Amino acid sequence: MNWKKIIAIGLTGCFLFSGCAEQRQNAQKMGEEGTQEDSYESTTFAMDTVMTFHIVAPDGEDLLIDAEQEVKRLEKLFSVTDEDSDIEQINDNAGDKAVTVSADTLALLKAGKQLGKATNNAFDMAIYPIVKAWGFTENEYTIPTQETLDELLPLTKVSNVTIDEDASTVYLEKEGMAVDLGGIAKGYASDKLAELLKKKGVKSAWLSLGGNVCAIGTKPDGSPWRIAVQNPADENDYVGVVEISDACAVTSGGYQRYFEENGKKYHHIIDPATGKPAESGLTSVTIICKDGTKADALSTALYVMGLEDALAYWKTQDDFEVIFVTEEGEVVATEGLKDSFTFDGKGNDYTYRVAKR
């Protein structure tokens, strides 16, 4: 389960995406028919999280149904608990045989492997055996021994995930391996939803997939969508607001899913190099990128890297920007956000600076 939280400032106010309601709320019309505010919104539960879709279109209610059906279709493919899913079939046959998968599963696993390689495995979709050893999959927390970690680490190498695009098959080369797409699937789903809605003529919408916010176009008045980045130290506060259009904003942080033992916190973002919760000096990382899949994976990868290595990686790229919050109380935004990010935290003493290339 990938826990991320952002606040989206939408048409009428500030929406905090959190909680765990396992039911679909009926679509609600948010504006007057035939006006610029002809908008609809609904909430559903999928991919282990609450999702909220807000669409500005005359046929918005029908489009909300289309969006929900699409995300449920993808969930059926990517689930690690559904025995009929592509991912569960791949995991069940680890070390035995290759499994034929859908085009979506193949594309997402290919992207995950490429992003793992690009980030020197700071993003690792094969880390599932270690995440499970810590108890984060079942909420039955434990601290694994070093011996256990040493046994599991060889099973978490993305290089041992073999993808045959021509045959549409995936093979995990070692018995005991398992992939989990929780750190990238919501980003991919947001991309697919945006693609679907744009094909149907939608020019203004925002989609929150458990905090992965994807903006389609602008607000009806032409202004950008405004996303407030949460203060990791206070769930009711934020450290700033970033404006986006036709882009995604994805945050990863160690503050949302953790357990404590003997006075120490252990969070769910695992460093693939050690098999232990990342101790990178960061409390959250927010990625702004037009590619939701990439944004999702990089929010985790850059958190694992730590500030200096993450900035060094950012300097080699030109298609995303970042907002870091550090344990030392600093908010660092990359220079591409200098005109779209406003440092505006309340009730905190964070300092702020812009990182330049």
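Leaving aside residues up to four places away in sequence, Thr286 touches Val229, Val250, Thr251, Glu321, Val322 and Ile323, where contact means heavy atoms within 4.5 Å. The model is a predicted one, with local features needing pLDDT of at least 70, side-chain atom pairs counted only at pLDDT 80 or more, and totals for chains, interfaces and linings using all residues. Numbering runs from 1 along each chain as its sequence is written, and side-chain values use heavy atoms, with hydrogens and water left out.

Thr286 sits in strand 18 (residues 282-289); strands (E, at least two residues) and helices (H or I, at least four) are DSSP runs, numbered from the N terminus. Thr286 counts as buried because its relative accessibility is 0%; the cut-offs are under 20% relative accessible area for buried, over 50% for exposed and partly exposed in between, with a 1.4 Å probe and protein chains only. Its side chain also makes a polar contact with that of Thr251, at 2.6 Å. Such a contact is a pair of N or O atoms within 3.5 Å; within protein, one must be able to donate a hydrogen and the other to accept it, and residues adjacent in sequence count only if both atoms are side-chain atoms.

Now for the cores. In the largest nonpolar core, which has 85 residues, Leu302 and Phe324 touch the most other members. Helix 7 (residues 292-305) gives the most to this core, with eight residues. Apart from it lies another core, of 19 residues, with Trp206, Val239, Ala249 and Leu337 among them. A core here is a set of buried Ala, Val, Leu, Ile, Met, Phe, Trp, Tyr and Cys residues joined through side-chain atoms within 4.5 Å. Beyond four places in sequence, Leu302 touches Leu282, Val285, Ile287, Ala310, Tyr313, Phe320, Val322 and Phe324.

Strand 20 (residues 330-334) is mostly covered, with five of its five residues buried. Glu330, Val332 and Thr334 lie on one side, Val331 and Ala333 on the other. Strand 20 runs antiparallel to strand 19 (residues 320-326), and three bridges join the two; pairing requires that DSSP finds at least two bridges between strands. Ile323 has Ala333 as its bridge partner in strand 20. The hairpin of strands 19 and 20 has three residues between the strands, and Gly329 takes a positive phi there, near 85 degrees. With strand 22 (residues 351-355), strand 20 pairs in the parallel sense over five bridges, and Thr334 has Ala355 as its partner there.
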